Amino acid sequence: MAMTSKRGRSGDETRGSGHRARIGRIEEGETDHPSAVELRASLYTRDQEIEEMRRRLRELEKLEFEIPPAPSHEEESETAVAATTVDKAEVDVRSIYVGNVDYACSPEEVQQHFQFCGTINRVTILTDSFGQPKGFAYVEFDEVEAVQNALLLNETELHGRPLKVCPKRTNIPGMKQSRGRHSVYPFYPSYG
C-alpha cells in the first residue's frame with residue numbers, strides 16, 4: 001500500500017497507510033534514514049527509466065518520417081478484389097454448371113459421370129441453410145478442353161433424371177441482373 005505524507009499543525013509529519021498514523025519529528029539532519037535513501041534510489045531509477053523512454057520515443061518519431069506510409073486498407077482491398085476476380089474468371093472458364101441433379105446424388109457420383117471428359121479438380125453440390133441439396137452442381141476441370149467434352153453430356157441421365165450441362169458463367173461484382181418483371185427502366189403508364 002502506498003504511504004502518504006502530510007504536515008500537521010505543529011510541523012510534525014504524519015505518515016500513514018490509511019489504518020494508522022504515526023507522528024514523528026523530522027529534523028534537518030535526518031537525511032540518512034534508510035527509508036529516505038531507498039526512496040531517493042527508487043526515484044532516481046524511475047527518472048532514468050523515464051529518460052530512456054523519452055529517448056526511445058524520439059528515435060521512433062525520427063523513424064516514422066523515414067518509413068514510407070503503408071498502403072491504405074482501401075488500396076489493399078481493391079487489389080485483392082481484382083486478383084480474386086481474375087482467379088475466379090480463370091476457374092470459371094474451366095468449370096461447368098450441372099442442373100437437375102437428383103437430391104440423393106453424391107459428389108462422387110457426379111464425378112464418375114464426368115470422369116471421361118478430363119481431369120476433375122472439384123465437384124460442388126450446393127446446399128441450402130439446412131444442408132439439403134439445391135439440385136445443381138458445379139464441376140471444375142483441370143483443362144479448358146474438358147469443358148467442351150462435358151457439354152456433350154447435356155441431356156444424359158443420372159439417377160433417372162436428364163442433366164442440364166452448361167458452361168459456368170462468371171459473376172461480375174456490382175452488376176445486378178434483372179429477373180422477371182423488374183426491368184431496367186420502370187414502366188410509366190400513359191395518361192390519356
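**Ground rules.** I number residues from 1 along each chain as its sequence is written, and side-chain values use heavy atoms, with hydrogens and water left out. As the model is a prediction, local features need pLDDT of at least 70 and side-chain atom pairs count only at pLDDT 80 or more, while totals for chains, interfaces and linings use all residues.

**Confidence.** I looked up pLDDT, the predictor's confidence in each residue from 0 to 100. The chain mean is 77, and 62% of residues reach 70 or more. Residues 1-5 fall below 50, and beyond near neighbours in sequence that stretch has 12 contacts in the model (contact: heavy atoms within 4.5 Å). Residues 16-24 also stay under 50, with 19 contacts beyond four places in sequence.

**Sheet.** I took strands (E, at least two residues) and helices (H or I, at least four) as DSSP runs, numbered from the N terminus. Two strands pair if DSSP finds at least two bridges between them. I found an open sheet of 4 strands, antiparallel, in the order β5-β6-β4-β9. β5 and β9 (164-167) are the edges, each pairing on one side only. From one strand to the next, the twist averages 20 degrees (axes are lines fitted to C-alpha atoms, and angles run from 0 to 180 degrees between N-to-C directions). β4 and β9 share 4 antiparallel bridges, and Ile96 has Pro167 in β9 as its bridge partner.

Buried is under 20% relative accessible area, exposed over 50% and partly exposed in between, with a 1.4 Å probe and protein chains only. The core has 19 residues, of which Ile96, Val98, Val110, Phe114, Val139 and Phe141 touch the most other members. β4 (95-99), β5 (120-127), β6 (133-141) and α4 (145-151) each give it two or more residues.

I zoomed in on Val98, which lies in β4 and is buried at 1% relative accessible area. Its C-alpha is 5.5 Å from that of Lys164, 66 residues away along the chain. Leaving out residues up to four places away in sequence, Val98 touches Phe114, Gly135, Phe136, Ala137, Val139, Leu163 and Lys164.

**Cysteines.** I counted disulfides as pairs of cysteine sulfur atoms within 2.5 Å and got 0. Cys105 is buried at 6% relative accessible area, and Cys117 is buried at 8%.

Notes: A nonpolar core is a set of buried Ala, Val, Leu, Ile, Met, Phe, Trp, Tyr and Cys residues joined through side-chain atoms within 4.5 Å.
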